[in-house]
Amino acid sequence: MGYLANKKHENRVNVFLKAFVILGFLITLPAFFDNSFSAFLNEFRWQLFLISGVVFLYALAKKHYREAFFLSFVIIINYLSVSSVMSFFLSSPAAAQTKILFASQSSDPLEVFEQAVNKNADIIAVTHPDMNDFDIKTMIPSGYSFHYPAEGWENGFMLSKREVVSFGRIELLSAIFADFIKISEGNEKVMYIAVDFCNLNIKEIKTALRKLSQFVAEQDDPVVVFGNFNLTVWSKPLRKFITDNNLKVKNALFDNFRNLIIPPRRYILGYDNTDLRAYLMSDYLKTLPMFTRF
């Protein structure tokens, strides 16, 4: 490569790195504010961390140390934002654990129940089902009890293999609910709450989380909250909900490789000593196994 070609190549590298540094800060810093646009930027902190790490190594290889120095701030800020609330890996699960199946907007009860039996799920939560053409009551697998509110199961229902102490539904917003089931686990009772905020905007999610937090604070027994929060766990509203209720994220970023590409919005939240595993029914991921970890 001649002198002029080398010069042009170096200029392109220089422009690219400077532009990426500026872009990195333009995404990272505004994401700390509290508005809809900031919430959108905040969703992609994990992806920005990964891309910035690659560009950082590229800058070092090209001996652009100044750009690498500034990129290190982008990497550190986004890394700490994510890792402060969610682990990258989880230790191997214990033999005795509660297995949860979460299925949203499913239209095939046979598929849900078949996979629940295959996974030996202890608790099944189905939200926003499209199953009006089926007689669900006659299709429940053996060993499971069927629980739904007085107005019917059409807006969601739960099944359990464990002894059920109580069941109910929390109204979070107008026509937005969260079903819960309290089961007996040895010498204690544990309440499991299924949420699905897939159709809510950031303002509605904040309100729903505030009402849910009030409900959780009133409980005397341990609480597990799981489902689609439609926010990343490092977002301000969800981070506050977790902190206020002394909960921990029980799934990890590397539980599923789709989290490397798509911001994770489905979580299972419980106390430190709660041993859980959750599975997501993924109709839209046809190339993957039917069940993937949250």
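Reader: In this predicted model, which residues does Phe241 contact, leaving aside its neighbours within four places in sequence?

Author: The model is predicted. Contact here means heavy atoms within 4.5 Å. With neighbours within four places in sequence left aside, the partners of Phe241 are Leu209, Leu212, Ser213, Val216, Val225, Leu247 and Leu269.

Reader: Which residues touch the most other members of the largest nonpolar core?

Author: Nonpolar side chains tend to be buried together in soluble globular proteins. The largest nonpolar core here holds 40 residues. Helix α6, residues 202-217, supplies the largest share, seven residues. The members touching the most others are Ile193 and Phe241.

Reader: How many residues make up the other core, the one that includes Leu101 and Phe157?

Author: This core lies apart from the largest one. Val112 and Ile136 are also among its members. Its residue count is 16.

Reader: Which are the edge strands of the open sheet?

Author: Six strands form the sheet, with mixed pairing. Their order is β5-β6-β7-β8-β10-β9. An edge strand pairs on one side only, which gives β5 (164-173) and β9 (248-249).

Reader: Do β7 and β8 run parallel or antiparallel, and which β8 residue stands opposite Met191?

Author: Strand β7 spans residues 188-196 and strand β8 spans 223-228. Six bridges join them, and they run parallel. Opposite Met191 stands Val223.

Reader: What angle does α7 make with β10?

Author: Helix α7, residues 236-244, lies across β8, β9 and β10. Helix α6 also packs on the sheet, touching β5, β6, β7 and β8, with its direction at about 145° to that of β5. For α7 and β10 (266-270), the angle is about 20°.

Notes
Residues numbered from 1 in each chain as written. Predicted model: local features only at pLDDT ≥ 70, side-chain atom pairs only at ≥ 80, totals over all residues. Heavy atoms only, no water. Core = buried A, V, L, I, M, F, W, Y, C linked by side-chain atoms within 4.5 Å. Buried < 20%, exposed > 50% of the residue type's maximum accessible area, 1.4 Å probe, protein only. Helix = DSSP H or I, 4+ residues; strand = E, 2+ residues; numbered from the N terminus. Pairing = 2+ DSSP bridges. Axes fitted to C-alpha atoms, helices over the stretch in contact; angles between N-to-C directions.
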